[in-house]
Structure formats: structure tokens, C-alpha cells
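Good morning, everyone, and thank you for letting me take a few minutes of the meeting.

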Amino acid sequence: MKKDQHNNETNIEEEDTLTNRQGHPITNNQNMRTVGNRGPATLENYDFIEKISHFDRERIPERVVHARGAGAHGYFEAYGAAGDEDISKYTRAKLFQEKGKQTPVFVRFSTVIHGGHSPETLRDPRGFAVKFYTEDGNWDLVGNNLKIFFIRDAVKFPDMIHAFKPDPVTNIQDAERFFDFCASSPESFHMVTFVYSPWGIPANYRMMQGSGVNTYKWVNNEGKAVLVKYHWEPKQGIRNLTQMEAEEVQAKNFNHATQDLYDAIEKGDFPEWELLVQTMSDDEHPELDFDPLDDTKLWPEDLFPWKAVGKMVLNKNPDDYFTEVEQVAFGTGVLVDGLDFSDDKMLQGRTFSYSDTQRHRVGANYLQLPINAPKKRVATNQSGGQMSYRLDRGPFQNPHINYEPSILDGLQEAKQLGKEHTPMITGNLVRQSIERDNNTKQAGDTYRNFEQWEKTELISNLVNDLANCDKRIQDKMIALAEEADKDYGHHLREGLKNASKGGTSQKPLGNIAGNNASQDAIDKSH
Ligand code: HEM
């Protein structure tokens with residue numbers, strides 16, 4: 001200690017002097033002001049009341065999904081090409097054009113279902129959200145580790161999340177509610193196949209893939225578009241955990257993924273991912289047995305090869321978790337020139353949801369926070385609102401002209417950078433599912449592509465969680481597995497027949513506290 005904290009002679013000019021938020025030096029941080037040393041306290045006790053009332057407000061609402069996360073800063077470096085093709089053929093987005101061009105990024109990895117301090121070993125997709133601070137403003141690529149999703153229509157998302165989150169009465173996550181929703185939403189079967197395999201528990205954040213999942217568009221200088229999917233491939237390799245391995249990790253450390261990322265960056269072992277894209281011409285592709293806008297489907301690699309467009313390096317930990325990782329706000333609407341939306345119904349629903357929740361979670365001026373603000377100049381006529389702390393028009397604008405158009409002065413519209421993409425859209429307004437739903441075929445392909453230990457894990461994990469579910473739900477899940485692949489269906493049916501009934505009325509998800517009867521069957525040869 002450099003000085004006596006209780007000493008009134010504290011030098012207020014010293015850099016490490018404690019102050020309140022008004023800049024007043026705090027001369028005694030151990031004792032509140034009281035009438036005599038035994039109290040009572042007085043209401044004019046400004047320093048105490050400010051300190052405690054700010055503490056009372058230290059938390060903001062946690063994210064309604066993806067509450068548990070870890071973040072890091074870094075950069076994206078463009079290859080100046082899409083595989084061996086000229087990238088400008090596909091997109092005019094500036095960040096991709098020049099080989100070696102670097103764009104700063106902030107990344108947040110997350111789990112989905114549970115709260116801010118929940119174990120990072122749970123069976124759950126992982127979020128992989130990247131904010132690129134480009135010269136044309138921010139671009140957010142809000143993805144997951146897996147390349148597909150449970151549902152294909154945004155209107156189902158709140159129900160899906162309700163079913164996956166803890167029961168509203170017991171506050172315990174319940175596999176029966178999870179499978180009740182999934183059995184009744186057969187489009188989820190492909191994703192369930194991934195999530196119940198070891199791919200549902202990545203070993204850490206550094207050794208997992210990422211994917212934009214939804215279909216976007218790339219637009220070139222002529223205003224022509226292609227459909228595009230984004231994928232991140234970790235240079236550290238991919239590693240997933242068996243249920244048993246996850247339980248072993250969780251018994252010792254439930255922050256292991258956050259710690260792994262933080263420690264690696266601290267010691268200079270910077271994680272890297274390559275960004276690859278798949279492209280498709282911008283039409284309905286009637287020759288395919290799936291719809292290119294259906295996010296429950298993979299685009300086969302042999303038909304739509306992966307093209308590398310750049311790499312990302314994470315080389316700096318956040319200075320402050322709350323300021324950066326908690327308050328960062330990603331959204332699928334945050335695109336730059338040369339990137340566009342597709343008609344993917346999930347993407348369109350998501351695009352409303354993110355900024356809507358962020359106005360509630362962080363506040364109306366969330367885009368003024370340094371972690372969310374673009375590095376380039378911002379110049380809008382939007383102003384005011386809670387916690388506004390700067391004029392978005394910038395210091396050099398005429399302060400009287402906060403509107404546009406104006407003959408007098410003020411901000412002017414930007415010039416169009418390239419030809420606008422103007423797709424023609426016709427059709428009746430309907431409430432209908434897409435035609436080529438093909439819910440189980442790719443789940444079968446995925447099952448057949450798994451290694452034996454992954455198949456064994458998948459069946460074991462499904463059996464353990466389905467064993468205590470209602471028979472109608474079990475039957476529907478078996479039927480979906482049989483439709484996907486005969487062997488898959490057979491093993492699930494046999495596994496459930498043999499599974500002994502668990503004794504509890506709650507059905508734990510992900511086998512975390514479940515019946516481990518079939519764990520012995522796991523082939524540990526991996
Ligand atoms: C976070 C909505 C589907 C990836 C969120 C949040 C909401 C949301 C409200 C919280 C955002 C915040 O508080 O800042 C939705 C809706 C979806 C959907 C309505 C479907 C209609 C998806 C899909 C993916 C995804 C398909 C994967 C591609 C993420 C990620 C985050 C997130 C990674 C965390 C972002 C962060 O780290 O701050 N989502 N989501 N979501 N979502 Fe979605």
C-alpha cells in the first residue's frame with residue numbers, strides 16, 4: 001500500500017487516487033458516514049449512496065439466448081481471391097478484395113441455452129459471432145459452430161427456445177420438453193443428430209468450426225448476386241468430447257472454454273480460423289432435393305466447393321469483460337456494401353430480432369458504445385434517447401440542421417458504390433412451409449458419415465435422454481431415425497428397448513445427470 005487510505009493527507013493528484021464518479025476524491029472507503037461510530041447513517045451520505053446504488057444496477061438483462069460467452073479481439077486478413085477465382089466476380093465488398101488487407105474484428109463465442117455462469121461443457125450448439133470493423137462500416141457474421149439449425153421458420157424460434165430452456169415451473173431443463181418439440185418439428189432431426197453426437201460438445205472454443213448457417217447474398221459491381229454460405233475452419237484442428245469426457249471436465253472446471261481461450265491468447269498462442277464460402281447461383285435450384293434457403297440443410301461440398309477467402313487471428317483479450325463481451329451487440333442485419341440478405345425466412349426473422357433485443361438489453365444508444373461503434377466516421381440525424389453521450393452528426397456539421405434534405409446545409413446522401421441489386425419478387429402472401437422439406441435425408445447422410453465412435457455416442461446419448469420420455473415421443477423419434485437410416489433407427493429402437501427406466505420424474509438433457517447405462521458401450525478408440 002502506497003499510503004494510508006484513512007489519511008486525509010492523500011494526494012488527490014496521484015493517478016491511483018480513488019474518486020467517485022463525479023471526480024471527488026474518496027478519503028475513506030472503509031467507513032460510511034454515521035452519527036457516531038455506531039450509527040445510524042444519514043441520508044446525505046452521497047458517496048455511500050452513489051456507490052451502492054450503482055452496484056445495485058451492475059447487471060443488465062442477460063441475452064435471452066447465448067448468455068454465457070467469451071470474447072477476443074483480432075483481425076481478418078483477406079486472400080484477395082475466392083479459392084482460385086477472382087473474388088470481384090462475386091462481391092464488391094472492400095474487405096475481401098486486396099490480398100493481405102487487414103480488418104479489425106471482435107469475436108464472441110457462446111453456449112446457447114443456459115445463463116451467464118452455466119457450465120461450458122453442456123450439450124448445446126456454440127455461438128460464433130464476428131464483428132468486422134470495415135472501412136465501409138461494420139459487418140456482423142452471427143454464426144454457430146454447426147452448419148445447420150433446428151428450424152427453418154423464425155416464427156417457431158420462441159417456442160423452440162421455451163422447450164429447450166428450463167421448465168417454467170421446476171426451473172429444471174427437461175429432455176422430454178426438448179424432444180416433445182423436436183419430435184413435433186421433424187425439420188429439427190438433422191440438427192438433433194449433430195447435437196446428440198460428440199459435435200454437440202466441442203472441446204473448447206478454439207477447436208471448433210463456425211458457420212453463418214443462413215444463406216446470404218454476395219453482390220458484385222454490376223449488381224449481380226450469388227447465394228453464399230460462410231464457414232470458419234479452425235487451424236488448431238477440430239476436437240469434440242464424449243459425454244463422459246465432458247463430465248470429467250465439468251467436475252473440475254465449468255469455465256474451461258473461456259479459460260482455454262483466455263490463456264492461449266495471454267501466452268501468445270493466437271488461435272486462427274480460415275474463412276471459406278460456398279456459392280450458388282441466385283435462383284431456386286429445382287434440380288436439388290433441398291431448397292437453398294433451408295437452413296436445416298448442408299450444401300454438398302462436391303457440388304458447391306469451399307473457397308477460401310481469408311483468415312482470422314485472435315490476438316488480444318478484452319480489457320474488461322462487461323464493457324466488451326457483455327455489451328457487444330451482433331446482428332444479422334449488419335452488412336456492408338457488396339453483401340446482402342437472401343429470402344431465407346430465418347434470416348429475415350433474425351434480422352428484426354437482434355437489434356430489437358439489443359435496444360432492450362443494452363439501450364437505445366447501444367451503437368454508441370466503443371465495442372459496437374464502427375471505427376469509421378458515423379454521421380446520422382438520429383439523436384437523443386437514454387444515455388446518449390455524443391452527437392452522431394460529428395463535430396464539424398452545422399448543429400442546426402438535424403434533418404435531410406436541406407437546401408441550407410447538413411448531411412448529404414452517399415453515392416451508390418456499385419450498381420444496386422434489385423431482385424424481382426412476386427407471389428401471393430401466404431403462410432406456407434417450403435416445398436422441398438426433405439426432413440430426414442441429410443440426417444441419414446450425416447449419420448453414415450460419422451465415425452463408429454461418433455455413432456455409438458449419438459445412440460447412447462439419445463437413448464439416455466429419451467429413455468424417460470413419453471412413449472409417443474420415443475416412437476416419433478425412432479420413426480424419424482428409421483426414415484433417415486435403417487441402421488440409425490434400429491440402434492435407437494434397440495437401445496430404448498434395453499434402457500432401464502430412470503427413477504426421477506425430471507429428464508435431464510444431455511445426459512449430464514442421467515442414466516449412464518449405455519456409456520459402457522462407447523468405443524473409446526478415438
Ligand atoms: C443471439 C434471436 C437463430 C446465432 C441471439 C439473441 C437473440 C437471437 C434475440 C440475443 C442477442 C443479444 O442479446 O445481443 C434469434 C432468432 C433466431 C435465431 C429469433 C431464429 C429466428 C440463430 C441462428 C444462429 C444464431 C440460426 C446461428 C447461425 C446466435 C448467436 C448469438 C445469438 C451466435 C450470440 C451473439 C453474441 O455473442 O452476442 N439470437 N436467433 N441465432 N444468436 Fe440467434
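Predicted model: local features only at pLDDT ≥ 70, side-chain atom pairs only at ≥ 80, totals over all residues.

Let us begin with the ligand. Which element gives the largest share of the shell around the ligand? That element is α9, which supplies 8 residues. The shell holds 27 residues, and those that come nearest to the ligand are His-66, Arg-108, Gly-127, Ala-154 and Val-213. The elements that contribute two or more residues are the strands β2, β3 and β4, together with α9, which runs over 345-361. If we sort the shell by class, we find 13 nonpolar residues, 10 polar ones and 4 charged ones.

Now I would like to stay with α9 for a moment. This helix has 17 residues, and from its first C-alpha to its last it reaches 24 Å, which is close to the 24 Å expected at 1.5 Å a residue. Its buried residues are Met-346, Leu-347, Thr-351 and Gln-358. These four lie on the same side of α9, because they cover an arc of only 140° around the axis. What do the buried residues of α9 pack against? They pack against β10, the strand at 339-341. On the face turned away from that buried side, α9 carries the exposed residues Asp-356 and His-360. After the helix comes Gly-363, whose phi is positive, near 130°.

Finally, let us step back to the whole chain, which is divided into domain 1, covering 69-368, and domain 2, covering 440-501. The centres of the two domains, taken over C-alpha atoms, are separated by 27 Å, and 18 residues of domain 1 are in contact with 22 residues of domain 2. On the side of domain 1 that touches domain 2, α4 (175-183) and α5 (189-195) each supply at least two residues, and α4 gives the most, with 5 residues. By class, that side of domain 1 has 9 nonpolar, 5 polar and 4 charged residues.

Definitions and conventions: Residues numbered from 1 in each chain as written. Domains from an automatic or database assignment. Contact = placed C-beta atoms within 7 Å. Nonpolar A, V, L, I, M, F, W, Y, C, P; charged D, E, K, R; others polar. Near = placed C-beta within 6 Å. Expected span 1.5 Å × (residues − 1). Buried ≥ 20, exposed ≤ 12 C-beta atoms within 10 Å, placed from the backbone. Arc of directions from axis to C-beta.
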